[in-house]
Amino acid sequence: NTYTLNGATIYGSPRIYSLKYTDPVAQAKDENGNDPIMLRYADVLLLLAEAENEVNGPTALAFGAINQVRARAGLSPLSGLSKEALRQKIRDERRFELYGEFQRRWDLIRWGAWIQTMNAAGRPRQEYQKLFPIAQEEIAGNKLIPTNNPGY
């Protein structure tokens, strides 16, 4: 984990990659025989648990949905939590279960925590960056889109 740069020895941490979507026999990126999963049942269950908890509180439906995900992962079921405690457990479960599946940004934006989280991580963001810019080709090709998203 060391290398030399301009005569100085650089000590680096090991590079750890998720192998979730790799094809071990592919010789190039475009030969990857894996089709990444776009929506998983665990994602649906956790969204159901989140929505049910936000609307009706910690109901049997909310606990049942998150506990299905936890059971598959070999974790003990949850019960008897307050609305706020279950909300945090659901958020944590989404973070662990959907690691590397590009859901975190959208979760943080939905929860109103994206800017604060990114700033705390030393990757400052601004309010307008919650939206992506609209491609210029789309603006030019669609009369109903007169301008880009604010800030771009």
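These are my notebook entries on a predicted model of one chain.

**Entry 1: the whole chain**

I began with the inventory. The chain has six helices and two strands.

Then I looked up burial: of the 152 residues in the chain, 25% are buried. The exposed surface comes to about 11,200 Å², and 56% of it is supplied by carbon and sulfur atoms. For contacts, I took those with a separation of 6 or more; 34% of them are between residues 24 or more positions apart.

**Entry 2: the strands**

How do S1 and S2 run relative to each other, parallel or antiparallel? They are antiparallel, with four bridges joining S1 (residues 2-5) to S2 (residues 8-11). I picked threonine 4 to follow across, and its bridge partner in S2 is threonine 9.

**Entry 3: leucine 81**

Next I went to the loop between helix H2 (60-72) and helix H3 (83-97), where leucine 81 is placed. Is leucine 81 buried or partly exposed? Its relative accessible area is 23%, and the buried class stops under 20%, so I logged leucine 81 as partly exposed.

I listed its neighbours, skipping residues up to four places away in sequence: leucine 81 touches Pro58, Phe63, Leu86 and Lys89.

**Entry 4: asparagine 149**

My last stop was the segment after helix H6 (136-141), which holds asparagine 149. On which side of the cut-off does asparagine 149 fall? Its relative accessible area is 19%, and buried means under 20%, so asparagine 149 counts as buried.

What does the side chain of asparagine 149 reach? I found the backbone oxygen of phenylalanine 132, at 2.6 Å. Phe132 also turns up in the contact list: leaving out residues up to four places away in sequence, asparagine 149 touches Leu131, Phe132, Pro133 and Ile134.

Terms used
Residues are numbered from 1 along each chain as its sequence is written. This is a predicted model: local features need pLDDT of at least 70, side-chain atom pairs count only at pLDDT 80 or more; totals for chains, interfaces and linings use all residues. Side-chain values use heavy atoms; hydrogens and water are left out. Buried means under 20% relative accessible area, exposed over 50%, partly exposed in between (1.4 Å probe, protein chains only). Contact means heavy atoms within 4.5 Å. Accessible areas come from the Shrake-Rupley method with a 1.4 Å probe; for residues, only the protein chains shown count as cover. A polar contact is a pair of N or O atoms within 3.5 Å; within protein, one must be able to donate a hydrogen and the other to accept it, and residues adjacent in sequence count only if both atoms are side-chain atoms. Two strands pair if DSSP finds at least two bridges between them.
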